[in-house]
Amino acid sequence: MNYLRLGQKIVMKLAIGEGIKENLISLAENEDIRAAEVTGLGAVDRVDLAFYHLNTQNYENHQIEEEFEVLSLMGNLTMNQGKYHPHLHIVLGRKDLSTIGGHLNEAYTSVTMEITVTILEGAIERSLDETVGLDLMNLD
């Protein structure tokens, strides 16, 4: 991972084989980021996606190995019980121009990933919301 900080924005570039979420966590540790917005694009070839089922309060996970264009990566970086918590969704383009997407557990760069992190002042914590069964942002 290479990155350049420009005020409250950081532009990072991932190399082949690097994981998106693991590098966001490393960046947050290096720069002491406790709240941020994340966007990006690029290409990946191994992804672990999920879809959340509210009725069972469980994720359905899908691991796929295929060449994809990352059409949209978006989400945020917050804290959860003292640990960095990237919450990301991704839309992936296939070679036939169809798309898939979902909650991103992890994806690995195949060509490059260009990610912009917009740092927010302060910290945002998460905690369990028992109604939906997820760790949601505390904004109270």
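Strands β1 and β2 form a hairpin with two residues between them, and Gly 7 in the turn has a positive phi of about 65°. Here, strands (E, at least two residues) and helices (H or I, at least four residues) are DSSP runs, numbered from the N terminus. This is a predicted model, in which local features need pLDDT of at least 70 and side-chain atom pairs count only at pLDDT 80 or more, while totals for chains, interfaces and linings use all residues. Residues are numbered from 1 along each chain as its sequence is written, and side-chain values use heavy atoms, with hydrogens and water left out.

Strand β2 covers residues 9-14 and runs antiparallel to β1, to which five bridges join it. Two strands are said to pair if DSSP finds at least two bridges between them. Leu 4, which belongs to strand β1, has Val 11 as its bridge partner in β2. Of the five residues of β1 (residues 2-6), the number buried is zero, so the strand lies largely in the open. Buried means under 20% relative accessible area, exposed means over 50%, and partly exposed lies in between (1.4 Å probe, protein chains only).

Helix α1 spans residues 20-31 and contains Asn 23. Asn 23 counts as buried, at 9% relative accessibility. Leaving aside neighbours within four places in sequence, Asn 23 is in contact (heavy atoms within 4.5 Å) with Met 1, Met 12, Leu 14 and Glu 18.

Attention now turns to charged side chains. A salt bridge is a side-chain nitrogen of Lys or Arg within 4 Å of a carboxyl oxygen of Asp or Glu, and by this rule the count comes to three. In one of them, Glu 31 pairs with Arg 5, the closest N and O atoms being 2.8 Å apart. Glu 31 lies in helix α1 and Arg 5 in strand β1, so the pair ties together parts that are 26 residues apart in sequence. Glu 31 is partly exposed at 23% relative accessible area, and Arg 5 is partly exposed at 34%.

The side chains of Glu 66 and Arg 94 also meet in a salt bridge, at 2.8 Å from N to O. Because Glu 66 lies in strand β4 and Arg 94 in the loop between β5 and β6 (99-119), this pair ties together parts that are 28 residues apart in sequence.

Two loop residues have a positive phi without being glycine. Gln 57, with a phi of about 55°, sits in the loop between β3 (36-53) and β4 (58-80). Gln 57 is partly exposed, with a relative accessible area of 33%. Gln 81, whose phi is near 55°, is in the loop between β4 and β5 (83-93). Gln 81 counts as exposed, at 75% relative accessibility.
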